[in-house]
Each structure stands twice: as C-alpha cells, then as structure tokens.
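Subject: Structure handover

Hello,

The structure we talked about is below, and my notes on it follow. Please read them with the structure open.

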Amino acid sequence: MGRIAVGLLALLLALAGSLPPTGQAQERPLVVALGAEPRSLLAMHIVDWTTNVQQMNIYDRLYFWDGMPPRIKPSLAAELPQTPDDLTWIVKLRPNVRFHNGDPLTAEDVKSTIEWLLDPRNQSHYRPRFSFVDSVEVVDPLTVRIKTKEPAPILRFWLVDFTVHNAKYIRQVGNEQANRQPIGAGPYRFVRWDRDERLVLEANPTYWNGAPAIRRVEFRFIPDFSARLAALLAGEADIVKDVPPVAVDQVNRSGIAEVRGVASSRINYVALVNLKPGPMQDRRVRQALNYAVNVDEIIANLFKGRATRIPGALSALNQDVNPNLKPYPYDPQRAVQLIKEAGYDPTRLEFTLDSPSGRYPLDKEAAEAIAAYLGRIGIKVRVVVNEWGTHLDKIINRRTGEMFYLGWGPALEAQGTIAELFRPERTYSGFGTPALTQEINKVLPVVDPEKRRRAWYRIQVMLYTEAPWIFLWQQHDLYGVNKRVNWRPHPAEKIFLHDASWARR
C-alpha cells in the first residue's frame with residue numbers, strides 16, 4: 001500500500017472514530033437541554049452556572065476540577081500556579097494554544113481579562129472577587145505575574161474555571177459584538193445564538209487537546225422541566241439535568257436514556273434576608289424557622305433520599321467543613337417559643353418566599369413544602385415562583401421577599417461560599433452582620449492552612465447560631481443521558497462536552 005493510500009486510510013479511520021454510530025445520529029447535534037439561556041457570552045462577566053457551563057465549552061479554563069475527591073488540574077495553563085511569596089502568583093500558559101480566529105493565546109490575553117473584569121464599566125460579577133489584585137504583568141508571552149495587595153490564598157480557587165478573552169478581538173469589536181459573536185480557545189466554536197431558543201456550537205478542529213469527538217452540540221433552552229424530560233424520552237435531547245427522583249425508574253425503563261447520578265458539591269438553602277427591616281433582624285426568628293421545617297422528611301418524601309442534609313453552610317464535600325455541627329432538630333414547639341421570645345405572634349407573621357422553578361432539583365416543590373411546614377406553626381408564607389433570570393435579578397437588586405431559595409456551587413472550599421454569601425455587599429448575599437463581616441475579613445489573608453481551617457470552623461459556628469439560612473441539603477445531581485452518549489457527571493457540576501463521545505452500538 002502506497003504512502004498516500006495509507007494516509008487516506010488513517011484519515012478515514014480517524015473520522016469514523018469521531019462519528020456517531022447510526023445514520024440518523026450523524027445528522028443531528030448532541031443536545032443539552034437547560035432551563036435558561038446564558039445571561040452573557042462574554043467570559044468572566046456573570047456568575048451563574050447556566051451561563052458558565054455553556055461558556056466553558058467556547059472559552060476553556062485556565063484550571064478545572066477533576067477526579068474524586070476533586071483536585072485542581074491545569075487546562076489552558078501548563079502547570080499549577082506558583083507562589084514564590086505570599087503576594088506573587090505565577091501562571092504559565094500552555095504553548096501553541098490558539099483562539100478560534102487563529103490568534104495565539106498569550107499572557108497578554110490573561111492580563112487583559114483580569115483588567116477587563118476589574119473595570120467597573122464592564123459590570124463583571126467577578127470584580128469583587130479579584131479586588132485584591134494589585135497588578136498583572138506579562139513576564140514573557142506565556143507567563144503572567146499577578147501581584148496582590150495582601151495575601152490572597154483564595155486566588156488558587158478563583159483561577160479554576162477562569163475563562164480567557166481574546167484581548168485583540170475585544171479591542172477591535174467591543175463588548176457588545178464580542179457577546180453576540182464570542183471567540184474563545186475552547187473545544188467548540190460559536191455558530192449562532194437564537195435568543196430564548198438555542199445556542200449552537202461546532203467542534204474546534206485545532207483545539208489544543210484534540211478535536212472533540214462530537215462535531216456539533218446544541219444547548220436548547222426549555223424552562224419547564226417536564227418538557228425537558230419529554231424531550232429526553234423522545235430522543236430529542238441527549239443530556240438533561242435534575243431528573244426528579246420519582247422519574248428515575250421511568251427514564252431507566254425508557255430504553256432510550258438512563259439516569260447517571262453524582263453527589264454534587266452544590267448546596268441548596270433558603271436565605272433569610274436581614275438586609276431590610278423586619279422580623280428577620282432577630283436571630284431567634286431565624287432559628288425558629290430552622291426548627292419549624294422538617295428537612296429530613298422533605299429529603300425522604302420529596303427527594304426519595306437523593307439529597308444529603310447539611311447542618312450549616314458547607315457540605316461534607318467542602319474541604320473546610322466543620323464536622324462538629326449537627327443539624328437543627330425538627331421541633332415546632334421550640335420554634336413557636338423562640339418567635340414569642342422575640343416578641344412576635346407566629347400567627348401574625350407573613351413572609352414572601354421567592355423561588356425559581358426548574359433551576360435546582362424540585363426547587364419549587366421544596367419551597368412549597370417549606371412554606372407548608374411554616375404554616376403548621378401559623379406563619380403565612382407566599383411562594384412567588386420566578387423565571388430564572390428574574391429570580392437572579394431580584395436577588396442581585398435586593399428585591400426579593402424576606403426569604404429566597406437558591407443553590408450555590410461548586411462549593412469545595414469555604415471562602416467561595418461564606419465570603420460571597422454572608423457579606424452584605426456581595427452580589428448574591430442576603431445577610432450580614434458587622435461581627436460576621438469582621439471575622440470573615442480577618443481570615444481572608446490567612447495563608448497558614450491550619451490557622452485558616454480553624455478560623456473557618458469558628459465562623460461556621462457563628463453562622464449556625466445566627467441562622468442566616470434555613471439550612472437544607474447538598475444536591476444529588478441526577479442527569480438523564482441518552483444511552484448513545486458516553487459522558488459521566490462530576491461533583492463540580494460541569495458539562496464540558498470535550499469529555500463526551502457517541503457510544504458505539
């Protein structure tokens with residue numbers, strides 16, 4: 001066989017290995033059904049799982065969570081960040097990485113992305129997280145030096161899932177055009193974004209880690225979960241998140257799809273907002289709400305045991321969790337007593353609980369169950385169900401009721417949860433006290449791991465006593481996956497489709 005024929009055969013074999021096994025599957029993309037569209041396609045703009053999980057396929061990340069227990073691994077970076085002293089971070093990039101338009105990815109792009117998110121004109125949710133950055137220097141085309149104003153050990157975690165702008169492209173076209181036509185360095189290239197309907201991507205043949213096995217993917221936006229499940233069972237969607245536990249057998253018996261589950265690092269809670277006047281200012285009222293809700297019964301009946309209760313603000317997967325905390329027991333009499341001690345009659349209390357629908361497993365149903373438990377001690381709770389974007393806007397702009405339902409993750413270390421959700425100026429916070437803020441601010445620059453761990457333990461005890469949330473559960477992520485798709489979920493809740501391929505039959 002001649003050299004040309006051998007080469008042609010090798011090419012055909014390579015192409016065959018990347019194709020789905022049936023004729024029909026070859027003609028349609030892999031479809032991931034989500035509850036909402038991205039809130040932005042600009043890298044490092046919005047903190048929102050639905051947005052980020054779509055963006056990472058376009059941009060890739062400097063680092064990512066891998067394995068179990070989750071460990072930080074380099075992706076666009078060539079190695080883990082180096083810290084020659086407490087104020088200096090060195091990030092080395094992988095060589096020969098290019099953006100979708102052919103531009104090389106360099107240290108200048110990382111520098112530009114950090115400066116972009118710190119610019120208040122860009123309204124990035126990430127700006128507060130990187131406020132400790134003093135300067136960013138390009139050492140050479142593949143090396144960045146980040147200097148911080150004070151020790152910031154959290155930077156190691158903030159660089160995980162950090163996506164990188166094409167600095168030259170942003171300068172040429174501006175934010176608006178870059179949002180409509182994003183250019184990243186990830187495994188998939190942007191094709192089109194049909195608002196409120198779908199985001200279409202195609203494989204990047206020059207991706208640094210090899211071209212994706214699946215050539216075309218589509219994120220389809222289906223707000224109603226029953227409709228997403230119907231699409232899965234009809235073979236019109238290939239990956240659907242948050243299958244209700246009661247539907248697991250139905251999916252597994254369908255012959256088309258199966259449920260693949262993992263204990264997620266994401267936690268769910270009901271925030272008890274003390275940033276406005278009212279009964280939530282009193283910790284006894286907040287504690288009472290924890291005593292009044294039978295969380296274990298909700299997990300058993302609504303989730304069929306597919307959730308793990310959290311006693312405080314962190315789950316067992318979090319490296320900084322205080323293992324000595326125990327959940328509030330279900331004790332409605334104690335709840336009534338505390339409310340009366342606070343000077344209120346529970347039968348005269350009325351609260352509004354804002355909830356999304358379909359963003360987290362059985363979120364609306366869980367909110368309604370919580371309202372029902374509070375009703376048993378006389379508290380009237382009005383559950384307001386919001387579209388996802390509206391729900392986030394209400395939290396960000398402090399327009400929710402006295403309570404709101406939210407999930408948070410990936411939550412694998414303490415600062416990313418506690419410092420982001422319990423200081424009143426942070427984007428998604430609903431709670432704060434001067435003493436708590438002071439304690440949190442004290443621990444942020446602590447570098448010594450043992451001192452830092454002990455400080456987070458103390459703060460978790462403070463949070464337990466302050467009861468800023470009704471502490472609920474750690475999610476178990478149940479994905480409905482078409483049987484012709486090779487893909488496994490991860491506790492960090494990522495859907496990175498370079499990891500997926502078509503199953504052979």
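The side chain of K394 makes a polar contact of 2.5 Å with the side chain of D354, and another of 3.3 Å with the side chain of N386. A polar contact here is a pair of N or O atoms within 3.5 Å; within protein, one must be able to donate a hydrogen and the other to accept it, and residues adjacent in sequence count only if both atoms are side-chain atoms.

This is a predicted model: local features need pLDDT of at least 70, side-chain atom pairs count only at pLDDT 80 or more, and totals for chains, interfaces and linings use all residues. Residues are numbered from 1 along each chain as its sequence is written, and side-chain values use heavy atoms, with hydrogens and water left out.

K394 sits in helix α13, residues 388–396 (helices are DSSP runs of H or I with at least four residues, strands are runs of E with at least two, numbered from the N terminus). K394 counts as buried because its relative accessibility is 12%, the limit for buried being under 20% with a 1.4 Å probe and protein chains only. Leaving aside residues up to four places away in sequence, K394 touches D354, V384, N386, R399 and T400 (contact means heavy atoms within 4.5 Å).

A cavity is a set of points on a 1 Å grid over the protein atoms alone where a 1.4 Å probe fits but cannot get out; a pocket is an open set with protein on both sides within 12 Å along at least five of seven lines; lining residues have an atom within 4 Å of a point. Grid points are joined across faces, edges and corners, and a volume is the space filled by probe spheres set on the points.

The whole structure has six cavities of 30 Å³ or more. The largest cavity holds about 590 Å³. Its lining has 32 residues, with V47, N52, R129, G409 and P410 nearest the centre. Helix α13 is among the elements that give two or more residues to this lining, along with α3 (49–59), α5 (155–158) and β16 (403–408). The largest share, four residues, comes from α3.

The largest pocket has a volume of about 460 Å³. Of the 27 residues that line the largest pocket, P223, F225, R228, S357 and G358 lie nearest its centre. Elements that each supply at least two residues to this lining include α3 and α7 (225–233).

Regards

Conventions. Buried means under 20% relative accessible area, exposed over 50%, partly exposed in between (1.4 Å probe, protein chains only).
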